[in-house]
Amino acid sequence: MSKPVVIRRLTVPKIRCQKGKTPVVCLTAYTAPMAKLVDSHADLILVGDSAANVIHGFDNTIGITLDHMIMHGQAVMRGSEKALVVVDMPFGTYEESPQVAYRNAARVMQETGCTAVKLEGGTTMNETISFLTARGIPVMAHIGLTPQAVQTMGGYRTQGRNKDEWARLEADAHAVEEAGAFAVVLEGMAEPLAERITGLLKIPTIGIGASAACDGQILVIDDMLGMSERTPGFVKQYGHLAVDISGAIEAYANDVRTRAFPGPEHTYAMKKEK
Ligand code: KIV
């Protein structure tokens with residue numbers, strides 16, 4: 001008799017069930033040690049293409065590749081055991097056709113072992129989301145401010161601050177839900193609209209620069225830890241790691257220059273002769 005499959009991680013249906021109940025705690029992670037720390041507290045870890053900015057030093061998310069994302073996804077899967085892991089589909093790997101999206105998303109799932117993928121776009125992506133979800137690839141959607149469209153938008157602009165934009169954004173939200181997305185990220189969206197969309201949808205909304213009324217929240221880990229040079233106004237910093245790290249490196253440099261490090265406790269004596 002074959003062994004029963006044991007799923008220890010949070011599952012897609014469990015995240016869906018949190019709709020309107022317990023807020024879904026989400027954070028990004030890109031490395032195994034950070035994933036381990038996040039895993040103890042979060043329901044969902046996103047291997048975000050924000051890795052382009054915060055790990056690889058790009059100005060935007062356009063430059064990150066599928067190979068980069070797979071490598072970060074593998075590291076996060078090795079570092080975590082409880083949270084549901086979602087890997088971002090990078091720019092250029094899913095927009096062309098549902099078939100191309102399927103091939104690349106299947107590669108992400110096979111090579112990382114993650115549970116789901118995330119892709120940006122609303123009505124324009126509904127065919128692709130249906131194609132993937134019908135074939136066993138859970139999709140988290142992402143609407144509102146979609147950073148991969150930075151060149152089209154000419155920068156990062158909060159969405160829905162004029163009421164005449166609401167119909168388009170609500171149509172995006174309905175489109176991704178109807179296509180089968182199990183959750184949707186609402187990024188950089190006027191608060192009343194994010195609250196309204198949360199009330200309209202049956203799937204959880206995950207806010208970032210959106211509303212406390214969303215069914216969950218996500219932040220880029222480097223931003224909330226105080227590691228990023230520039231952080232958007234919607235970020236609450238829960239730490240100041242850049243200051244701590246810089247202080248530690250300065251102290252180390254001083255110790256090396258003054259020969260205070262290594263001390264006797266950091267060096268190896270000879271073995272005692274018998
Ligand atoms: O790439 C990312 O980190 C994201 C979040 C900001 C939602 O898409």
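Two strands count as paired if DSSP finds at least two bridges between them, and strands here are DSSP E runs of at least two residues, helices H or I runs of at least four, both numbered from the N terminus. The model is predicted, so to speak, with local features needing pLDDT of at least 70 and side-chain atom pairs pLDDT 80 or more, while totals for chains, interfaces and linings use all residues. Residue numbers start from 1 along each chain as its sequence is written, and side-chain values use heavy atoms, leaving out hydrogens and water.

On to the barrel. Eight strands close up in the order 1-2-3-4-5-6-7-8, with parallel pairing. Strand 6 (residues 183-187) runs parallel to strand 7, joined by four bridges, and Val-184 sits opposite Thr-205 in strand 7. Getting from strand 6 to strand 7, the chain goes through helix 9 in a right-handed β-α-β crossover (with the strands pointing away from the viewer, the path from the first strand over the helix to the second runs clockwise). Strand 7 also pairs in parallel with strand 8 (residues 216-219) over two bridges; there, Gly-207 has Gln-217 as its bridge partner.

Strand 7 (residues 205-208) is covered on both faces: Thr-205 and Gly-207 on one side, Ile-206 and Ile-208 on the other, are all buried (under 20% relative accessible area, 1.4 Å probe, protein chains only).

Notes
Buried means under 20% relative accessible area, exposed over 50%, partly exposed in between (1.4 Å probe, protein chains only).
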